[in-house]
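Hi,

Here is the structure I promised to pass on. Have a look at it first, and then read on for what turned up in it.

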Amino acid sequence: TTYERAPDNSYPLGKCYSRDDNPTVLAAETALAQLEHGEKALLFASGMAAATAVFQALGPGEHVIIPRVMYWALRSWVLDFAAQWNLEVSVVAMDGKDGAFDVSAAVRPNTKLIWVESPANPTWGVTDIAAMAEIAEEIGAVLAVDSTAATPALSQPITLGAHVVMHSATKYLNGHSDVVGGALVASSSFAETPIWARIAKHRRAAGATLGPFDAWLIQRGMRTLFLRVARQSESALAIARHFQHHPRIHVLYPGLPSFEGHELAAAQMPGGFGGMMSLRVRPAARPGDEEGVAAVPPLDAGPEGAMALAAAVKVFTRATSLGGVESLIEHRASIEGANSPVPQDLLRLSVGIEDCRDLIEDLSQAALLATGVEGWAGPTPERG
C-alpha cells in the first residue's frame with residue numbers, strides 16, 4: 001500500500017500511496033483509455049461513484065441537462081443532490097428525432113453539463129451523440145456519455161465529440177458478475193481541464209478508488225470484451241427477430257428496423273446493437289379483449305403478463321444487473337419503485353453467451369404460459 005522514500009526523502013518511482021498510485025489499477029485504466037480512444041481513465045469503487053464524481057465537480061448554481069430515460073439510481077441521486085447542492089436540473093427526452101432540438105431548448109446561460117445515456121436503460125432509446133457534442137461545444141459545456149450498454153466494443157463516444165465517457169465496469173467491462181466498479185475516460189482536451197482535475201481530486205480525497213484485485217478482474221474481463229459482446233449482440237438480435245411479430249409481446253431493441261432509433265444506432269454503434277433488450281408483455285387474453293393486440297407504447301398492460309413470463313423462465317436468471325456471461329431477466333418497474341417511469345408491463349433482458357436457441361426456447365415456453373398464445377413461432381437460428 002505504500003512506497004519507500006529515497007534517502008533525500010523523495011519518491012524515486014513517483015508514487016506515494018496505493019489509494020491513488022497503484023500499478024495494477026493504472027494498467028487497467030490505461031487499457032480502458034485506449035479502448036475508448038481517450039487520453040486518461042480513472043477507475044472508481046462503483047459505477048455510481050464514477051458518475052456522481054462528475055456532478056460533484058460542478059459548482060453550486062450551475063445547470064445540468066439529464067435524459068428522461070436513464071439509469072434510475074443515478075437519476076434519483078442527481079435530483080436529490082441537486083436540491084442540496086443548489087444545482088439546476090432539466091430533464092429532457094434526448095432520444096428520438098427531436099432530441100437535439102429539445103436539449104437546445106433546455107440550455108441556459110449557466111449550463112455546464114449535458115449527461116447522455118445511449119442506449120438508455122431500460123427502453124434502449126438512442127441519442128445522437130455527435131449532435132449533443134455540437135450543442136456542448138457551442139455553449140462551452142461538458143458532454144458526458146454513459147456508454148455502459150454500448151461498451152467500447154460497439155461505440156466510442158469520444159470519437160463522436162464526447163468529453164468524458166462513463167462506465168459501470170461491473171457490467172460488460174468485467175463481464176463475469178464478480179466485481180463492482182466504475183470508470184471515467186477523458187478525451188485529450190478534457191483531461192487537461194480543471195473539472196477533470198477536480199474529479200480526480202474527489203476520487204482521491206473521498207476514497208472512491210478501486211482495489212487492485214478488482215482492477216485486475218476488470219482488466220481480465222476486457223481481454224474477452226469483444227468476443228463476449230459480439231456473441232451477446234448476435235443472440236439479442238436473434239431473440240428480437242423471433243418475438244418481433246408476437247401478438248402479445250412488443251420488443252424494444254435498437255437492432256430491429258422497426259425501432260425508432262435503428263438508423264442512428266446503426267451509424268453510431270458500428271460494432272453491433274448490444275446485448276440489452278426489453279419486452280413489453282400483455283397477459284393472456286380475457287373474454288371481451290380485442291383480438292391480437294400487442295403491448296405497444298404508450299399502452300401499459302400492467303405487470304401481470306410480465307411477471308408471469310419472468311416467473312416461468314428456466315434458463316434466464318431472475319436478477320438485477322447486466323452485462324455478464326449469464327442471461328438475466330427482471331421486472332424493472334418493481335425494482336425502481338413507485339416513482340419509476342418504466343411501464344409496468346416491461347421486462348429487461350440482459351442476454352448472455354448461452355446457446356441462442358436455448359434462450360429462445362426458454363422465453364417461448366414462458367411466453368406461452370404468460371400470454372396464452374398457442375401455435376405461434378418466430379424465426380429461430382439453426383443450431384450450429
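A word on naming before anything else: helices (H or I, at least four residues) and strands (E, at least two) are DSSP runs, numbered from the N terminus. This is a predicted model, so local features need pLDDT of at least 70 and side-chain atom pairs count only at pLDDT 80 or more, while totals for chains, interfaces and linings use all residues. Residues are numbered from 1 along each chain as its sequence is written, and side-chain values use heavy atoms, with hydrogens and water left out.

Let's start with the loop between β4 and α5 (129–139), where proline 119 lies. A cis peptide bond joins serine 118 to this proline, with omega about -10 degrees. For background, most peptide bonds are trans, and most residues other than glycine have a negative phi.

On the phi side, two residues are worth a look. Asparagine 86, in the loop between α3 (72–85) and β3, has a positive phi near 65 degrees without being a glycine. Threonine 151 is not a glycine either, and its phi is positive at about 65 degrees. This threonine belongs to helix α6 (residues 151–154). Its relative accessible area is 1%, so threonine 151 is buried. The cut-offs here are under 20% relative accessible area for buried, over 50% for exposed, and partly exposed in between (1.4 Å probe, protein chains only).

Next, the sheet. Five strands make an open sheet with mixed pairing, in the order β8-β9-β12-β11-β10. At its edges are β8 (249–252) and β10 (317–318), each of which pairs on one side only. Pairing here requires that DSSP finds at least two bridges between two strands. β10 runs parallel to β11 (residues 328–331), and 2 bridges connect them. One detail to click on: threonine 317 has leucine 328 in β11 as its bridge partner.

Now the interior. A nonpolar core means a set of buried Ala, Val, Leu, Ile, Met, Phe, Trp, Tyr and Cys residues joined through side-chain atoms within 4.5 Å. The largest one holds 67 residues, and those touching the most other members are Ile239, Val251, Met277, Leu309 and Leu363. Helix α9 (residues 225–243) is the biggest contributor to this core, giving 8 residues. Apart from this core lies another of 32 residues, including Ala49, Ala53, Val78 and Ile195.

Leaving out residues up to four places away in sequence, methionine 277 touches Trp124, Ala236, Ile239, Ala240, Val251, Leu252, Tyr253, Leu347, Arg348, Leu349 and Val351. Contact here means heavy atoms within 4.5 Å.

What about charges? Side chains of opposite charge can pair when their charged atoms come close. The whole structure has 8 salt bridges, each being a side-chain nitrogen of Lys or Arg within 4 Å of a carboxyl oxygen of Asp or Glu. Three of them:

- Glutamate 88 pairs with arginine 108, with the closest N and O atoms 2.7 Å apart. This pair links distant parts of the chain, 20 residues apart: glutamate 88 is in strand β3 (residues 88–92), and arginine 108 is in the loop between α4 (99–106) and β4 (111–117). Glutamate 88 counts as partly exposed at 31% relative accessibility, and arginine 108 does at 33%.
- Aspartate 178 pairs with arginine 220, the closest N and O atoms being 3.1 Å apart. Aspartate 178 has a relative accessible area of 36%, so it is partly exposed; arginine 220 is partly exposed at 22%.
- Glutamate 330 pairs with arginine 332, with 2.5 Å between the closest N and O atoms. Both glutamate 330 and arginine 332 are buried. Together with Glu336 and Arg348, they are linked in a network of salt bridges.

Finally, a helix pair. Helix α1 (residues 23–35) packs against α8 at an angle of about 30 degrees, with the axes 8 Å apart. Axes are lines fitted to C-alpha atoms, for helices over the stretch in contact, and angles run from 0 to 180 degrees between N-to-C directions. On the α1 side, Thr24, Val25, Ala27, Ala28, Ala31, Leu32 and Leu35 meet Pro212, Ala215, Trp216, Gln219 and Met222 in α8.

Cheers
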